[in-house]
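Take a look at the fold below. This report walks from the overall picture to a few local details.

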Amino acid sequence: MRRPWLPTTLFVFAIVFLLAGTFLIKWPDFQNKPQVSKVLQAPTVLDLRLTIAYDKPPIYQEQYVVRNNNGLSTAQYKITGYSGKVVTITIPPAKRYDMTFFFEDVVQDGIWQLMNRPPRGNTDVHYTLYVHEVANRRQGSRTVTFTDPHYWAVTAGHQYEIHLSPNSPTPDLLKLKSTALADPRFEKIVRAFRSFGPSSFRQKIFQAQRLVSKSH
């Protein structure tokens, strides 16, 4: 026995289901579309700087800058002499990957974990590291100051902590536990800045250093 009402019922049910899906149900793909778009359009900024200040002539200051701004990367070296001579060398902004790789390398080397260190070793030269990152709508910055990266990488000794209490005997200084202060990351990151860039960029830096040194 045929049931003429069955096709009509199925057709009406299908229409109702489609309307409910369109107006009442928020499908994940459509619901998250604005969020996906925001992620894709979120700014990404990487900014690295090493500033080296000298207490004695002929060089007054050197600064290395490596920056990536939403896919466009640039680098700059600037040297200033006590004579007043200033030379700036710039790699124009372009879609390059070596600067992003450089950022990843120094992060892996521990730039975010470095701490300020007091003047030690050759205190006539002062180093300032600056790192800034904006990614995934989060941002962070860090500034670290120190002198003589080779001293802190190799020569730095140990640090001892002594806690005195009126209710405890005097500690045996020969049995105190120490914390090593030497940290090779300082020298490693400074060397990374010094050797960054193509050979043509580094050659121009060398020429600028000679020019400023001779102008004193």
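The protein has seven helices and eight strands. Keep in mind that this is a predicted model. Of its 216 residues, 29% are buried. The protein exposes about 15,000 Å². Carbon and sulfur atoms supply 58% of that area. Now consider contacts between residues at least 6 apart in sequence: 57% of them join residues at least 24 apart.

**The core**

The largest nonpolar core has 39 residues. Those with the most contacts inside it include Leu48, Leu50, Tyr77 and Phe102. Leu129, Phe146 and Phe193 belong to that group too.

What does Tyr77 touch, leaving out residues up to four places away in sequence? Its partners include Glu62, Gln63 and Tyr64. Val87, Thr88 and Ile89 are also among them.

**Helix H4**

Helix H4 spans residues 98-108. Which of its residues are buried? They are Met99, Phe102, Phe103 and Val106. Seen down the axis of H4, these buried residues fall within an arc of 100°, so they line one face of the helix.

After H4 comes Gly110, whose phi is positive, near 105°.

Most residues other than glycine have a negative phi, and most peptide bonds are trans. Some places here depart from that pattern.

Start with the peptide bond. Pro57 and Pro58 are joined by a cis peptide bond, with omega about 10°. Pro58 sits in the loop between strand S1 (45-54) and strand S2 (59-69).

Next come two residues with positive phi. Asn136 is not a glycine, yet its phi is positive. Asn136 lies in the loop between strand S5 (125-135) and strand S6 (138-147). Arg137 is placed in the loop between S5 and S6.

| Residue | Phi | Relative accessibility |
|---|---|---|
| Asn136 | about 55° | 66% |

Conventions. Residues numbered from 1 in each chain as written. Predicted model: local features only at pLDDT ≥ 70, side-chain atom pairs only at ≥ 80, totals over all residues. Heavy atoms only, no water. Helix = DSSP H or I, 4+ residues; strand = E, 2+ residues; numbered from the N terminus. Buried < 20%, exposed > 50% of the residue type's maximum accessible area, 1.4 Å probe, protein only. Contact = heavy atoms within 4.5 Å. Areas by Shrake-Rupley, 256 points an atom, 1.4 Å probe, with all protein chains shown as cover. Core = buried A, V, L, I, M, F, W, Y, C linked by side-chain atoms within 4.5 Å. Arc of directions from axis to C-beta.
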